Amino acid sequence: MQRTGRTSVGKFFRDVGFRWAGWPADSKNGWSSSWYEGDYEAIFSSTDFRSANAYEDSPWFLPDFYKVLYHRFPDSKFILFTRDADEWFQSMMKHSGGDVVGDNRIHCKIYRRELEFFDLLLSGHLSEEIYRLHNTEVIDFFRRHAPESLYSARLEDPDKWKRLGEFLGVQVLEGYKSHENPSKR
């Protein structure tokens, strides 16, 4: 989900030589809108999708899309970085000043509360519950279907990049760090 190191993962992909597609490709191709409309073929048939071999940001984290990806590309590997839910929520608030980032319709769909989202968001509880639920659903899905296909780590883990490299079968330089797009203090 947002504010869980996605941009840093994209930098990691580029640094270790993967052909990466992230937010710029989503913005150019309208992948999040295609996800919202259920038009997955528009995503999978795009030149940017077909020319990449590593993906981060939208639409990959959107609700249940990992299931579509897993069944469509069963030999793929998936990455889930987690962090304390309260810290995640505070990072979301700092990043956007409390405003919705991106398309409001899609954003509300992500958080599964199209009608009540904005009222509950102000209370600070909805986002934390949805964040924990999302992480639990992803971990449970891969535990049941393909435990070897998911790498999950805490965002705070100092060895996450080394372990991610091992999971992906790529060399990671000692002391490698990636922290893109940090929260504004």
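**Helix packing and aromatic contacts**

In the predicted model, helix H6 (residues 65–72) buries Phe 65, Tyr 66, Leu 69 and Tyr 70. Buried means under 20% relative accessible area with a 1.4 Å probe, protein chains only. The four cover an arc of only 140° around the axis, which puts them on the same side of H6. The arc is taken over directions from the helix axis to the C-beta atoms. Helices are DSSP runs (H or I, at least four residues), numbered from the N terminus. Residues are numbered from 1 along each chain as its sequence is written. Local features need pLDDT of at least 70, side-chain atom pairs count only at pLDDT 80 or more, totals for chains, interfaces and linings use all residues, and side-chain values use heavy atoms, without hydrogens and water.

The whole structure holds 25 aromatic pairs. Rings of Phe, Tyr and Trp (its six-membered ring) pair if their centres lie within 6.5 Å; planes under 30 degrees apart are stacked, over 60 edge-to-face, the rest tilted. Phe 44 and Phe 49 have ring centres 5.2 Å apart and planes at 55°, so this pair is tilted. Both Phe 44 and Phe 49 are buried. Tyr 70 and Phe 142 pair edge-to-face, at 5.8 Å centre to centre and 85° between the planes. Tyr 70 belongs to helix H6 and Phe 142 to helix H10 (residues 126–145), so the pair ties together parts 72 residues apart in sequence. Tyr 70 and Phe 142 are both buried.

One aromatic cluster comprises Phe 12, Phe 13, Phe 18, Phe 81, Tyr 151, Trp 161, Phe 167 and Tyr 176.

Conventions. Buried < 20%, exposed > 50% of the residue type's maximum accessible area, 1.4 Å probe, protein only. Helix = DSSP H or I, 4+ residues; strand = E, 2+ residues; numbered from the N terminus.
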